[in-house]
Amino acid sequence: MDQNPVPFVINAALNIPFCLVAVAGNSLVLASFAKNRSLISPSNVILIGLAVSDLCVGVIVQPLYIVWRFNQFFSKDNWGKGILDSLTLFLSCALCSFSFLTVTTLSVDRYLALRLHLRYRELITVRRVSYFLGFACMSAFSLCTMTVFLPAHDEYIASVMALAFFVINTVIYFKIYCVVRRHRREITEQQRHTSRIPVTRFANILRLRNSFLDTFYVYLIFLCCYIPYISIAIIFPEFKTNSSLVIAFEISWSLVFINSSLNPLLYSWRIKGVRATMKTILLGSSKRQSAPSIRRDAGHSFAMYHINHSCEVL
């Protein structure tokens, strides 16, 4: 690559703090779900799958990307560069594809919750969602084998797949918006004809609206992080010699990785159960860390007391 290495090295170095945030944040989210089993539901299982994907990005993909870029410009081992290149591209494509499938599954889940009502709990179970996520993971890795056999067109293939997922999600969220709007219109009509509306009806509408907002925020952050990559990847194969476009494409790739760092912050903000459990875990760890120091101080004071007492006796 006949490019100035400075922008690429700086971009790779900027991934280091986001990598640490992704690992710490998603580990804490997964620990929260493991500690509080009452949070386990079909929709939250999908969030767990997304957190696992984000954790793998922070643990595997981002470190590989950082090493790949540093090795590409500062090492003369051509064989090692090829291995890192292929491995980073394949795992990035596979995990990002799984994230796309997971976000799409989350939007479909919310739409089914609105449409099925009481039948939702009967048809959509934790076990079925878990099996589907396993199938989605295998499908993502299978789809991304195309990047291995067609390396010259990997950006174009990835951009087309991402664009298709975004179209599907946009249609689903529009349908969800229409359903929520219809429910609110029905309540307004009932208020005009009756003076009393069941409190449970308002509670259900409010719960569905909050659930819709939670999933929509996940999709919105996903959209903001991936749109720059998709926009550039579509035209990138034809303009690979443009240095400015190459740097922009590199930065857009980092934005895709940063999405894994933002999702845990969103979960802790929007999901009260996760936020409360995360606080409990953090407070518990801080208490455990402070306990040994308290015991050491107590032991030190006890020893000093005996020394002073002995001196007084002498």
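**A close look at the cysteines and the core**

Tutor: Let's begin with Cys 93, which is buried, with a relative accessible area of 13%. Cys 144 also counts as buried, at 0% relative accessibility. Here buried means under 20% relative accessible area, exposed over 50%, and partly exposed in between (1.4 Å probe, protein chains only). Please keep in mind that this is a predicted model, where local features need pLDDT of at least 70 and side-chain atom pairs count only at pLDDT 80 or more, while totals for chains, interfaces and linings use all residues. Residues are numbered from 1 along each chain as its sequence is written, and side-chain values use heavy atoms, with hydrogens and water left out.

A search of the whole structure turns up one disulfide (cysteine sulfur atoms within 2.5 Å). Its partners are Cys 93 and Cys 144, with their sulfur atoms 2.4 Å apart. The torsion about the S-S bond of Cys 93 and Cys 144 is about -80°, so the disulfide is left-handed. This pair joins distant parts of the chain: Cys 93 sits in helix H3, and Cys 144 in the loop between H5 and helix H6 (146-149), 51 residues apart. Helices are DSSP runs (H or I, at least four residues), numbered from the N terminus.

What about other cysteines? Cys 19 is buried as well, with a relative accessible area of 9%. Cys 137 is in no disulfide, and the nearest cysteine sulfur, belonging to Cys 56, is 8.2 Å away. With a relative accessible area of 28%, Cys 137 is partly exposed.

Now for the nonpolar packing. The largest nonpolar core holds 56 residues, and Tyr 226 and Tyr 267 touch the most other members. Such a core is a set of buried Ala, Val, Leu, Ile, Met, Phe, Trp, Tyr and Cys residues joined through side-chain atoms within 4.5 Å. Among the helices that each supply at least two residues of this core are H1 (5-35), H2 (42-74), H3 (78-116) and H8 (199-235). H8 gives the largest share, 10 residues. Apart from this core lies another, of 16 residues, including Ile 66, Trp 68, Leu 84 and Leu 95. Setting aside neighbours within four places in sequence, Tyr 226 is in contact (heavy atoms within 4.5 Å) with Cys 96, Ser 99, Phe 100, Phe 166, Val 256 and Asn 259.

Phe 100 leads us to the aromatic rings. The whole structure contains 20 aromatic pairs. The rings of Phe 100 and Phe 222 have centres 4.8 Å apart and planes at 90°, so this pair is edge-to-face. Phe 100 lies in helix H3 and Phe 222 in helix H8, so the pair ties together parts that are 122 residues apart in sequence. Rings of Phe, Tyr and Trp (its six-membered ring) pair if their centres lie within 6.5 Å; planes under 30 degrees apart are stacked, over 60 edge-to-face, the rest tilted. Both Phe 100 and Phe 222 are buried. Ring pairs also link them into a cluster with Phe 165, Phe 166, Tyr 173, Phe 216, Tyr 219 and Tyr 226.

Two more residues round out the picture. Ser 43, in helix H2, counts as buried at 15% relative accessibility. Beyond its neighbours within four places in sequence, Ser 43 is in contact with Leu 106, Asp 109, Arg 110 and Tyr 120. Ile 16, in helix H1, is partly exposed, with a relative accessible area of 40%. The C-alpha atoms of Ile 16 and Ile 66 are separated by 7.7 Å, although these residues are 50 apart along the chain.
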